Structure formats: structure tokens, C-alpha cells
Amino acid sequence: MSFRLRVWIVAAVALGVAIAVLRFERPPIDVTQTGYRGLGMEQPVNPRIRAALWEANQIPAPQPPVQPGSPPATSVYQNVKVLGDLDVATFTRLMVAITEWVAPKEEGCNYCHVGADLASDAVYTKVVSRRMIEMTRHINADWKNHVADTGVTCYTCHRGQPVPAEIWFADPGPKTARGAAGSRAGQNAPAMSIALASLPYDPFSAYLLKPGAIRVQGDTALPAGNPHDLPDTERVYAMMMHLSDGLGVNCTFCHNTRSFFSWDASTPQRTTAYHGIQMVRDLNANYLDPLRPAYPPERLGPLGDAPKANCATCHQGVSKPLFGANMLKDYPELAAAGKPLAAVAPPTPAPVVRGEVVIVYFPVASAALHNEAPAVIAVLVEKLKANPQAKATVSGYHSATGDAAANHELAKNRAMSVQAALVAAGIPADRVVLEKPVAEQANIVGESPEARRVEITVK
Ligand code: HEC
Ligand code: HEC
Ligand code: HEC
Ligand code: HEC
């Protein structure tokens, strides 16, 4: 074989591999303009991919309606904890629908029930499902600013599978060489969740579990005021790749790229997306992550966390899940307001001075100081300045729900927020002592706002 022929063959194979690996799309592409001409506000749509997506997003036919007037489910069954408001006929119809949405291929009813004893909670899938029913009701009742009246059912995420196609875990990344040479700084490992970009592969732990803005731009002239650094910026862009990929849109679906920052120049969809981000955090922090103890070990992530949701869990590559089909109207029992969740409802109390102790309260899963914290910090600063020998002892506490290790970290971060505020007010760091609280006192049972606090004593 001549040298030239060989070069041609290698080039042809390389091109073939490139076409197979990269996601090239064959023209023609339809382009829809979504803003004024010349702004580049447009959405390219590949009609062939769109047709396949349309096919994949057809919804199952609703179960036939039932006659009203059957007795309440609680009068017939023994272990009904969340669907107690339904009558027997509606209850059974919902069980049949749930089976079709979540476990049609497995053992059907037996995916969640063992044999004839339908009241037993022996299988974890039933325990998980009970919480899923509460979560679905909560989404439909309390997150209308995202899901509107379209709402969701189990099918929106599950699509006939026990495990939804799109879930995420905290990602430790691939194994690397030891030392600095092997440090990937959380990136350069192509992940499907961020459309294979060379960006941080786990933006979700940072942005879809905890509160906090997904921002890079400062709102004051540099260098003052902008706390965001380069890693933050990369994480923001990784997160944005997920938003685009998860919804099957490009950046201009939400932004005018002249200024990603400006809300005035953004589309209404960006506001819907903003509420979506807050909703996903709520679902992960208050429903999905706390289910960890219920799952068998093989369902947990490499770091032992529970499977969680992101935008793609519902959207699956479409800007309105299931192209906006409303399945909820046939299952009004899933639209009813769930029982109010303690974790969502009560506001964070203002800081108080109780005798010698100053107490600053914190929101759920947050170490951010209360708006009124500066007032009590000022009281502490005055005491410390008046008595140069005295030191401030700062102890962080957390509620009893959620992951123990994460809670300890949170309690410490809360204490450090207060310490930072004292130091910023001119108290030398060696006069602010962090002290771990006596263990058992740390937790008030459950998700009480009283438990999420930092106590400061000057002595
Ligand atoms: C995906 C999980 C799942 C599937 C599949 C499922 N169920 Fe259930 N079932 C539940 C949950 C969760 C409860 C408890 C509801 C509650 O506490 O309000 C329950 C409770 C019941 C009860 C009440 C039992 C009692 O005495 O407390 C009956 C009856 C029942 N299911 C029948 C069925 C039938 C029949 C099927 C198949 C058509 C089925 N279920 C499929 C999750 C499931
Ligand atoms: C917002 C998306 C979403 C909705 C809506 C939803 N689920 Fe889930 N569900 C999840 C995620 C995420 C998991 C975790 C997947 C895993 O187990 O690995 C899960 C897990 C489950 C499991 C455990 C599966 C297993 O084998 O580990 C069951 C059973 C289940 N869901 C039932 C339901 C039922 C019933 C409904 C409707 C009442 C529902 N889900 C609604 C997202 C959702
Ligand atoms: C589905 C809507 C949506 C899509 C698509 C989207 N974004 Fe965003 N973007 C948002 C929202 C919402 C925020 C604000 C998040 C917040 O404030 O917590 C944001 C914030 C940003 C920011 C931070 C701006 C600031 O204030 O500092 C940048 C930069 C950004 N997006 C870039 C992009 C890029 C690049 C793409 C395409 C790869 C993209 N976005 C796709 C909704 C979207
Ligand atoms: C629990 C399921 C669910 C999750 C998770 C979810 N969404 Fe949605 N989203 C919906 C539903 C349902 C609609 C359609 C509401 C309607 O009909 O107006 C929607 C609509 C939207 C729209 C408006 C689309 C349009 O064409 O106007 C945007 C933008 C959006 N979602 C962004 C996001 C982003 C970003 C995330 C992740 C942070 C996310 N969604 C997570 C269920 C979900």
C-alpha cells in the first residue's frame, strides 16, 4: 500500500470517528426567531430530532374514571398514611396508574407490595413511593410558579421505569494519579449531564441542593464586592450547559447574550427557570436526599448519597416536559395540597439576646446570617470592647433531620459566619473562640427553626 493511500485511509477513519463521537447534525435545521431582528435571539431546531422526541414523549391513555361514592380508603385498608383522603375506587385506580407509570415491566403491584399483604411496608419501594406521592402533591400545589396548571405525575419523571432516566449523585470524579499532577480540580472529565463540556462535572452539588445565587457578575465596580472567583464562574457555565441540554434549547432561550446578567434583556423563560432552580433544590433537600436511609446500598451514589433530581429528570431534552401535555387533569388526587412540610414553612426567627447568651438563627441548610444579625453583633462588639480580657465563645447547632456529617459541617459554617462578622467588626480573631457544643444538646428533634442556631457567650 502506498504511503499516500495509507495517509488517506487514516484521515478517512479519523473523520469517521469524529462524526461518530461528536454530535454533528445533518442540515437542514429550522430556525425560529424569538426576539428582535439582529439580536441573535433564535432557536435552531432539527426537525428529525424533534420528530423522534415527539414520538418518545407520547403519554399513556388515562385510566377509565370510577363511580363516586365508594367508602373511604381508610375504612377498608390498614396502613394508609398519605392517601387517606381518597375513596376506595379512586385509591385503587391510582394504584393501577402508578403501576403503569413506575413499574409496568417488573412485577407490577409486587414492585411495591409483598404478596397478599398489601398493608406491609417491608419493601423499600413502597416506603419511597409514599414520600414520592407527597412530593408530587407538593410540586403541583406549591410550585405552580414553575409547573403551572400542567403539573406533574409520576410519569413525568419515571416514564415507565422504576429509576428515572436522569438522576444525579455527588460525583467524586474519575480516579487520577496522586498529588497535584492528578488533580482535575473537579473538571476535564466529560460528563453527559453538562453536555460533555470541559467544565466542572458536578455543578449539581453546588447549585441544586443548597440555596444561593448562580451568578458570576458583581453588581459593583471591580474590585469591590464580587465574591465570585474563576472556579465559581466555571461551575456557573457548567450548570448553564445542563440547563440548555436538559431542556434541549440554546442559551438564547433564556438570555440575550449581549448580557447574560441582565434580567431586563432576558426572556420570560429565564424567570420560569429561576423558579425551577429553587424548586429542584427544595425537592432534593427536603424529599429525595433525606430518603437515603430507605434505599438499599446499591441504589446509593459512590459517596453514599441518595439519587437526586435535576432539570433533565422531568424535562428529558424538551423545554416543556412531555411537550406540555397535562396528565394531572385526569388525576386530581395528585394535585391536592400535601401536608405542609415543616422544612418548607416556618420563617427564620430574628436573633435574640437571652440573658448572657446571644442566639442567631439560620434558614434550612444555610449558613447565611439573618438580616437583623448586625444589631446583635454590635451588642457583642460593645461588650468585647468594654472588657478587653473577655473572649466570645461561638457554638453552632443544627436540626436533627438530614445527613449527620453534612449537618456538622453546616453547624461549623454557621459558627464561622458569626466569627467572620465579629472579626469584620474589628474584634481580633484570637478573641473569638469556636467551641463544639455538648453533643446531645445540639439537636432539637426534627426540623425546628429553633434548632438551626449559633449561640454566642462573652466571658
Ligand atoms: C410504585 C409503588 C406501588 C405500586 C406499583 C403499587 N402500590 Fe399499592 N401502595 C403503594 C403505597 C406507597 C401505598 C401506601 C399509601 C399510603 O400510605 O397512603 C400503597 C397501598 C396500597 C393498598 C392499601 C393497603 C393497606 O391495607 O394499607 C392497597 C390495597 C394497594 N396499595 C393496592 C395496590 C395494587 C392492587 C397494586 C397493583 C395494581 C398496587 N397497589 C401497586 C405503592 C404502590
Ligand atoms: C420529580 C421527579 C419525580 C417524580 C414526580 C416522582 N419520582 Fe419517583 N423517583 C425520582 C427519583 C429521582 C428517584 C430515585 C431513583 C432511584 O431509585 O435510583 C425516584 C425513585 C422512586 C422509586 C424507587 C425506585 C427504585 O427501584 O429504587 C419509586 C418506587 C418511585 N420513585 C415511585 C414514584 C411514584 C409512585 C411517583 C408518583 C406518585 C413518583 N415516584 C414521582 C423522581 C421522581
Ligand atoms: C432555561 C433557561 C436558561 C438557559 C437555557 C441558560 N440560562 Fe444562564 N441563567 C439562567 C438563570 C435563571 C440564571 C440566574 C440564576 C440565579 O440567579 O441563581 C442564569 C445565569 C447565568 C449567568 C450568570 C449571570 C450573572 O448574573 O452573573 C451566566 C453567565 C449564564 N447564565 C450563562 C448562560 C450560558 C452561556 C448559557 C448557554 C450555555 C445559558 N446561560 C443558558 C437561565 C438559563
Ligand atoms: C418536577 C418536574 C420539573 C423539574 C424538575 C423542572 N421542571 Fe421546568 N417545567 C416543568 C413543567 C411541568 C413545565 C411546564 C409548565 C407549563 O405548562 O407552563 C416546565 C416549564 C419550564 C420552562 C418554561 C418553558 C417554556 O416553553 O415556556 C422552563 C424555562 C423550565 N421549565 C426550566 C427548568 C429548569 C432550568 C429546571 C432545572 C433547574 C427545571 N425546569 C426543572 C417541570 C419541571
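Me: Which residues of the largest nonpolar core touch the most other members?
Reply: This is a predicted model, where local features need pLDDT of at least 70, side-chain atom pairs count only at pLDDT 80 or more, and totals for chains, interfaces and linings use all residues. Residues are numbered from 1 along each chain as its sequence is written, while chains are lettered from A and ligands numbered from 1 in the order in which they are written. A nonpolar core is a set of buried Ala, Val, Leu, Ile, Met, Phe, Trp, Tyr and Cys residues joined through C-beta atoms within 7 Å. The largest has 77 residues, and those touching the most other members are Val360, Leu380 and Val418.

Me: Which domains each give at least three residues to this core?
Reply: Domain bounds come from an automatic or database domain assignment. The core draws at least three residues from each of domain 1 (1–59 + 81–174 + 187–345) and domain 2 (352–458).

Me: Which residues does Leu380 touch, not counting residues up to four places away in sequence?
Reply: Two residues are in contact if their C-beta atoms, placed from the backbone, lie within 7 Å. With residues up to four places away left out, Leu380 touches Val358, Ala392, Leu422, Ile456 and Val458.

Me: How many of the 5 residues of strand 5 are buried?
Reply: Strands (E, at least two residues) and helices (H or I, at least four) are DSSP runs, numbered from the N terminus. A residue is buried if 20 or more other C-beta atoms lie within 10 Å of its own, exposed if 12 or fewer, and partly exposed in between, with C-beta atoms placed from the backbone. Strand 5 (residues 392–396) is largely enclosed by the rest of the structure, because its buried residues number 4 of the 5.

Me: Does strand 5 run parallel or antiparallel to strand 7?
Reply: Two strands pair if DSSP finds at least two bridges between them. Strand 5 and strand 7 (residues 453–458) share 5 bridges, and one partner pair is Ser395 with Glu455. Strand 5 and strand 7 run antiparallel.

Me: Which residue of strand 6 stands opposite Thr393?
Reply: Strand 5 is joined to strand 6 (residues 432–434) by 3 bridges, and these two run parallel. Opposite Thr393 stands Val433.

Me: Which helix gives the most to the shell around ligand 2?
Reply: A residue is near a molecule if its C-beta atom, placed from the backbone, lies within 6 Å of it. By this rule 24 residues surround ligand 2. Elements giving two or more of them include helix 4 (88–102) and helix 5 (124–142). The most, 6 residues, comes from helix 5.
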